[in-house]
Amino acid sequence: MTQMNFCNHCGGRLTIRTPDGDTLPRYVCLSCGSIHYQNPKIVAGCLPVWENKVLLCRRSIEPRLGLWTLPAGFMENGETLADAAMRETVEEANAHVSIASLFTLFNLPHINQVYVMFRAQLLDMDFYPGDESSEVELFTEEQIPWDEIAFATIRETLNLYFADRQSGQYGVHMGDIIKPQGVNDARLARLENHHLQNQ
């Protein structure tokens with residue numbers, strides 16, 4: 001639970017308690033009684049493909065400055081998942097894509113996030129780094145800098161993509177990314193409860 005001190009409705013002090021009819025503790029305003037719910041954030045992105053290569057971005061911001069990732073970011077109000085994924089792809093790589101299908105959905109309960117990644121086709125080769133990227137490059141499977149991938153969600157998405165491409169059948173993959181206790185490196189989180197639905 002993210003720490004809160006004051007109500008954003010009236011400015012009153014908050015306390016933590018389980019409201020009537022609820023099952024979890026929430027921040028509740030002592031003055032106006034407003035209940036402040038905190039819910040997981042959704043991260044949406046694309047796995048952009050051109051022939052036998054995928055598009056990766058080298059991060060120019062923290063977290064994981066200097067490491068490689070797929071274009072993705074937090075969903076905004078008023079967007080669909082696909083809209084958010086395509087917007088992030090433009091923002092981070094100035095790349096325009098056509099969404100092929102939902103590809104991976106990962107729960108990250110240790111940081112209250114849900115990652116949703118789409119397989120996508122690059123529409124052209126006119127891409128270049130956005131404000132959050134220092135480089136944007138196409139990689140074959142053999143060229144990917146596996147030791148420099150920023151996040152476990154991205155590593156797993158890439159592994160699953162290349163396995164599916166080899167089999168000739170793309171599925172929708174779902175699982176939980178769990179970071180072991182005491183581990184600070186997000187890349188060392190592991191995948192649990194993974195299963196596959198073929199389309």
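**Figure 1. Cysteine sulfurs and the disulfide count.** Taking a disulfide as a pair of cysteine sulfur atoms within 2.5 Å, the count comes to 0 disulfides. Cys 7 is in no disulfide. Its nearest cysteine sulfur belongs to Cys 32, 3.8 Å away. Cys 7 is buried, at 4% relative accessibility. The classes of exposure are buried (under 20% relative accessible area), partly exposed (in between) and exposed (over 50%), with a 1.4 Å probe and protein chains only. For Cys 29, the closest cysteine sulfur is that of Cys 10. The separation is 3.5 Å, so it is too far for a bond. Cys 29 is buried too, with a relative accessible area of 4%.

This is a predicted model, in which local features need pLDDT of at least 70 and side-chain atom pairs count only at pLDDT 80 or more, while totals for chains, interfaces and linings use all residues. Residues are numbered from 1 along each chain as its sequence is written, and side-chain values use heavy atoms, with hydrogens and water left out.

Figure 2. Arg 26 lies in strand 2, residues 26–29. Helices (H or I, at least four residues) and strands (E, at least two) are DSSP runs, numbered from the N terminus. Which class of exposure does Arg 26 have, buried or exposed? Arg 26 is buried, because its relative accessible area is 14%. Contact means heavy atoms within 4.5 Å. Leaving aside neighbours within four places in sequence, Arg 26 contacts Met 1, Thr 15, Ile 16, Arg 17, Pro 19, Ile 35, His 36 and Tyr 37.

Figure 3. The loop between strand 5 (53–59) and strand 6 (68–69) holds Pro 63. Glu 62 and Pro 63 are joined by a cis peptide bond, with omega about 0°. Arg 64 is found in this loop as well. Its phi is positive, about 65°, although Arg 64 is not a glycine.

Figure 4. Asn 94 sits in the loop between helix 1 (81–93) and strand 8 (97–108). Its phi is positive, near 50°, in a residue other than glycine. Asn 94 is buried, with a relative accessible area of 18%.

**Figure 5. Helix 2 and its end.** Helix 2 covers residues 152–167, 16 residues. The expected span is 1.5 Å times one less than the number of residues. Just after helix 2, Gly 168 takes a positive phi of about 80°.
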